[in-house]
Amino acid sequence: MNHRVVSKEEARSFIIRYHNLDDSQKFEGIDGVLNYFNRVGSIQYDPLNVVGRNADLVLQAKVKGYQSKFLETLLYREHKLVDGFDKEMCIYQTKDYNNFQRVREATARATKNVLANRNQLEALEYLEVVKEHIKTNGITSTKDLSIGESSPGRWGHKKLSSATLDYLYSSGDLCVTDKKGAQKYFDFTENVLPKEFLNQTEMKSEEEFLEWYIKRRIRSVGFLWNKRGGAWQGHYISDRKIRTEVLTKLVSYGELIDFYIEGIDEPFYMATEDERFFDQPTGKKQVKFLAPLDNMLWDRDLVSTLFDFDYRWEVYTPVVKRKYGYYVLPVLYGDKLVARFEPERVSYSEVFTIKNWWWEDKVMITEELVGEVHKAIHRFANYLDIPCKDYYPEIIQ
């Protein structure tokens, strides 16, 4: 059988078009957010907010006119999206909620193990107490409960009731119904999510689930190889042997296409319906600032191989060991990652401020490129709803 073989340039162009980083598709406003979720399934959630949370940063690069209130509306007003566990903590479409039942069960088991390691298993003794509190008082956050104080020096939650809430959330008994900053507010899932989604029949067999889940994970990135990496994190699919069996079946069913990239021996897999992105024309060549946990960056080795760009998010790296900075964003120009920069935290600056900027070694800094960077800065400041300077000389130093 002859497999499709593409160049690295063609593979990069596929990824750029797939994630609408060239604005070739009409992803705009709140409908554009839903259109992007229809394609990738999940976006990784992280509460850190320097210039927006990770999910906001993902969407501002893909959806024209994106504002953070779009995501909040879809999550906590219309409930078309839901906070849940996928790769790690993610946001995904509510219509997929029932299909994630196995993931929730596995996450609950993992949460119980964490509690055991932290010597906090007694938090599970308060399950009914916490449920009764919510029945009586309604929507509840960790600050509303102070039951079972944890011993000084313990890791994790200081209050056992907070650990109890997290366990009930991980198991699916509770759902996040609102957030204020990083503070989560919980209610019973049946009180939050639309009944038509909760009443759907979940997948009967693990085989059916794995076929759905592995194809879905591939579509979260665009295409993937079967190598160990960040894109395959999570319950059920981190085992290469399991993935190999399911990938083979999905190719035989015609659900996936396997192909090769020149110079790489490992086969790649994409959804059959997404092959069209190889043949579509590329949109405008422009600069986009990417999220640290952007879907296209989930597999760091793949990014290094295709884009010749080594990226590590260093927020949890000790200061003395950081190569770049605390919260550093990759800079895309066309189909190349040409730089990275560290912005100042928005809440502490009157205008958008760049703390550090690093060009990649082989990048030719042209007047056109600098101009596109400044356009991107203005778009980014507009997304943040803050002013910016007309010119940033630090980007060409």
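Here are some friendly notes on the packing in this predicted model.

1. A word on conventions. The model is predicted, with local features needing pLDDT of at least 70 and side-chain atom pairs counting only at pLDDT 80 or more, while totals for chains, interfaces and linings use all residues. Residues are numbered from 1 along each chain as its sequence is written, and side-chain values use heavy atoms, with hydrogens and water left out. Helices (H or I, at least four residues) and strands (E, at least two) are DSSP runs, numbered from the N terminus.

2. Start with helix α7 (residues 160-171) and helix α5 (residues 101-117): their axes come within 7 Å and cross at roughly 155°. That makes α5 roughly antiparallel to α7. (Axes are lines fitted to C-alpha atoms, for helices over the stretch in contact, and angles run from 0 to 180 degrees between N-to-C directions; under 35 degrees counts as roughly parallel, over 145 as roughly antiparallel, 65 to 115 as roughly perpendicular and the rest as oblique.) On the α5 side, Arg-104, Thr-107, Ala-108, Thr-111, Lys-112 and Leu-115 meet Ala-163, Tyr-167, Ser-170 and Ser-171 of α7, where contact means heavy atoms within 4.5 Å. These contact residues divide into four nonpolar, four polar and two charged. (Ala, Val, Leu, Ile, Met, Phe, Trp, Tyr, Cys and Pro count as nonpolar, Asp, Glu, Lys and Arg as charged, and the others, Gly among them, as polar.)

3. Helix α6 (residues 127-137) also packs on α7, with axes that come within 10 Å and cross at roughly 85°. α6 is therefore roughly perpendicular to α7. Leu-127, Val-130, Lys-131 and Ile-134 of α6 make the contact with Thr-164, Leu-165, Tyr-167 and Leu-168 of α7. The tally here is six nonpolar, one polar and one charged.

4. Next, a sheet. Three strands in the order β2-β4-β3 form an open sheet with antiparallel pairing; two strands pair if DSSP finds at least two bridges between them. β2 (42-44) and β3 (81-85) are the edge strands, each pairing on one side only. From one strand to the next, the twist averages 30°. Helix α3 (residues 54-62) lies across β2 and β4, at about 125° to β2, and helix α4 (residues 68-76) lies across β3 and β4, at about 80° to β3.

5. Which residues touch the most other members of the largest nonpolar core? They are Phe-223, Phe-352 and Trp-357, in a core of 127 residues. (A nonpolar core is a set of buried Ala, Val, Leu, Ile, Met, Phe, Trp, Tyr and Cys residues joined through side-chain atoms within 4.5 Å; buried means under 20% relative accessible area, exposed over 50%, partly exposed in between, with a 1.4 Å probe and protein chains only.) Helix α13 (residues 367-384) gives this core its largest share, nine residues. Leaving aside neighbours within four places in sequence, the contacts of Phe-223 include Ala-11, Phe-14, Phe-259, Ile-261 and Phe-268.

6. Several of those partners sit in elements worth a look. Helix α1 (residues 8-18) is mostly covered, with eight of its 11 residues buried, among them Ala-11 and Phe-14. Strand β9 (residues 256-261) has five of its six residues buried, so it is largely enclosed by the rest of the structure. β9 pairs in the parallel sense with strand β1 (residues 4-6) over three bridges, and in the antiparallel sense with strand β10 (residues 268-271) over four bridges. Phe-259 stands opposite Phe-268 in β10.
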